[in-house]
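Biologist: Hi! Could you walk me through this one? I'd like to start with the strands and then move on to the helices.

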Amino acid sequence: MLFKRSHMCGELRKENAGEQVVLNGWVQKSRNLGGLIFCDIRDKTGITQVVFDDTVPRELFDRADTLRSEYVIGVKGQVRERESKNPDMPTGDVEILAGDLVIYSTADTPPIYIKDDDNVDDNLRLKYRYLDLRKKKMQDNLLFRARLTNIARDYFAGEGFTEVETPVLIKSTPEGARDYLVPSRVNQGHFYALPQSPQTFKQLLMVGGTDRYFQIAKCFRDEDLRADRQPEFTQIDLEMSFVDVDDVIEIQEGFMKRVFRELKGIDLETPFPRMTWDEAMNRYGSDKPDIRFGFELQDITELVKDCGFRVFTDAIEAGGSVRGICIEGGAQAYTRKKIDKLTEAVKSYGARGMVWMKVTEEGVSSSVNKFFSPEELRNIADTMGAGTGDLILIVSDKNKVVYDSLGFLRRHIAGEMGLLDDEDYKFLWVVDFPLFEYDEKEDRWSAMHHPFTSPREEDAELLKTDPHKCKANAYDIVLNGVELGGGSIRIHDREMQEDMFRALNMGEEEIQEKFGFLVEAFRYGAPPHGGLAYGLDRLIMLLTGEKSIREVIAFPKNQNAQCMVSEAPGTVDDVQLEELGIALRAGSEE
């Protein structure tokens with residue numbers, strides 16, 4: 001028997017008193033006080049208290065006495081005001097006096113508690129994700145995600161975008177992260193790849209005249225995981241024809257205004273500030289700077305180039321720099337033990353060490369007192385604008401190491417000092433990225449974004465003569481130190497695309513192997529076009545205040561890229577392998 005519900009469990013209020021209602025849901029808890037049974041019934045909207053008292057038939061009371069946590073039930077009854085109200089529950093002013101009950105299914109004692117503050121091991125939560133999803137926080141996150149994607153579809157449709165699904169089985173073009181490969185049964189020895197992004201297909205849509213394309217796209221990258229990475233993730237992906245950087249940015253700022261107004265009740269001020277990549281690195285040590293606080297990097301290379309302190313001078317002679325940050329009020333907050341921990345932390349970014357200075361009433365004390373006179377230390381402190389009670393942290397090395405180390409330190413310390421307000425939303429566009437970056441592991445130049453990113457118009461000739469000095473027509477949208485999305489104006493001119501491939505030392509065979517179909521398409525007339533892709537999971541993570549994107553994905557993978565619910569990846573039988581023409585090496589199943 002099915003009771004057709006009249007309300008959701010979190011909807012009833014004092015105004016509903018006297019109404020006959022029907023609720024369906026799970027038993028949160030049940031308690032028998034002798035002649036009185038209280039049962040809390042829960043669904044994704046909330047909880048309502050149900051009462052079985054001595055006025056109900058004995059058979060109904062006995063059935064209610066069998067209820068246990070997570071039983072699935074239906075209840076009919078009358079809403080009444082509670083004598084003892086619960087101000088912590090939205091439905092805390094009312095309860096239902098039961099008139100009938102149906103038990104749809106019983107439940108064993110669950111291996112995890114169905115409450116938000118259960119403090120259970122993450123792997124256990126992921127193994128029993130279907131139970132974890134019953135928690136209010138998880139249901140709220142899924143609802144928030146659904147609302148955001150609905151806003152995206154409505155907004156971009158209103159701006160003339162056509163939603164188009166692009167293929168999931170594509171050709172492998174290894175650039176950046178490793179591809180997930182799918183063997184072909186029909187074409188044995190050949191493999192599909194799962195898309196890291198719909199990049200080439202959305203450009204083909206522009207060649208095909210779609211003009212404005214949009215998609216909520218699944219993407220896949222076989223890379224090491226962290227809090228804001230998953231092997232499969234979702235992008236809000238889009239592309240536009242006959243546009244420049246300003247056109248793309250204007251559309252995106254309108255989208256963000258809509259999202260924040262409808263989901264957060266916040267009216268964002270636009271346009272968002274813009275900052276060049278060079279300025280972001282020099283001031284913040286990061287191409288996704290958090291601008292909610294200070295602690296900006298300061299270059300003291302010229303000041304110390306003749307100081308005689310080998311740690312500094314050797315770095316400068318090797319083409320590096322000496323930079324530092326001033327932590328206001330940090331001298332008291334950071335003991336020597338805490339500073340030692342920071343020193344160890346920056347070593348993971350390649351730094352060999354870190355110099356610290358504290359400005360006190362007595363003067364400047366430092367980890368390098370024996371290498372500098374009090375006057376020299378004071379000069380450094382004054383140059384960095386340090387006052388009494390401030391802490392200075394200095395790193396010297398190659399620029400990348402210095403930027404990475406200080407970029408980490410400023411945000412890490414701001415977090416420890418309680419300066420990061422999750423409700424203080426500071427947007428920023430980072431523009432004018434380098435077109436190329438040097439890959440030390442590969443010992444070669446590569447495209448910082450991808451080979452289809454165009455140089456700035458004023459740098460177009462440099463692509464032929466000195467390509468590594470080119471700045472890109474690329475842009476990232478950053479929120480509170482997190483890259484929400486990025487994109488670029490693409491190369492649409494065949495000759496310029498060939499110049500780009502030459503700058504990357506790609507031969508004709510390699511070009512045809514990786515991108516032949518796109519190059520072929522451009523022969524038949526490609527419009528100027530550009531686009532952007534948002535990390536949907538990251539955006540939702542930030543807006544919900546979560547610390548990991550796993551909290552906003554229904555069935556995420558763990559840190560080993562495993563689905564704990566379905567136990568994927570798994571083995572397959574020999575028949576399947578034979579059909580695919582695949583033989584496993586000895587020991588590969590272990």
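**A strand and a helix pair**

Modeller: Happy to, and do keep in mind that this is a predicted model. A handy place to start is K358, which stands opposite L391 in strand 16.

Biologist: Which strand pairs with strand 16 there, and how many bridges join them?

Modeller: Strand 14, residues 355–360, is joined to strand 16 by four bridges, and the two run antiparallel.

Biologist: And how many bridges does strand 13 make to strand 16?

Modeller: Seven bridges link strand 13 (residues 321–327) with strand 16, again antiparallel. Within that pairing, I327 has L391 as its bridge partner.

Biologist: Is strand 16 largely enclosed or open, and why?

Modeller: Strand 16 covers residues 391–397, and seven of the seven are buried, so the rest of the structure largely encloses it.

Biologist: Which residues sit on each face of strand 16?

Modeller: One side has L391, L393, V395 and D397, the other has I392, I394 and S396, and all of these are buried. In a regular strand, side chains alternate between the two faces of the sheet.

Biologist: Nice. Switching to helices: at what angle do helix 4 and helix 6 cross?

Modeller: Helix 4 (residues 136–158) and helix 6 (residues 245–264) cross at roughly 140 degrees, with their axes coming within 10 Å. That angle makes helix 4 oblique to helix 6. The crossing is right-handed.

Biologist: Which residues make the contact?

Modeller: Among them are F144, L148 and Y155 of helix 4, plus F255, R258 and E262 of helix 6. By class, the contact has 10 nonpolar, two polar and four charged residues.

Key
Residues numbered from 1 in each chain as written. Predicted model: local features only at pLDDT ≥ 70, side-chain atom pairs only at ≥ 80, totals over all residues. Heavy atoms only, no water. Buried < 20%, exposed > 50% of the residue type's maximum accessible area, 1.4 Å probe, protein only. Pairing = 2+ DSSP bridges. Axes fitted to C-alpha atoms, helices over the stretch in contact; angles between N-to-C directions. Parallel < 35°, antiparallel > 145°, perpendicular 65-115°, else oblique. Left-handed = near helix turned anticlockwise from the far one by under 90°. Contact = heavy atoms within 4.5 Å. Nonpolar A, V, L, I, M, F, W, Y, C, P; charged D, E, K, R; others polar.
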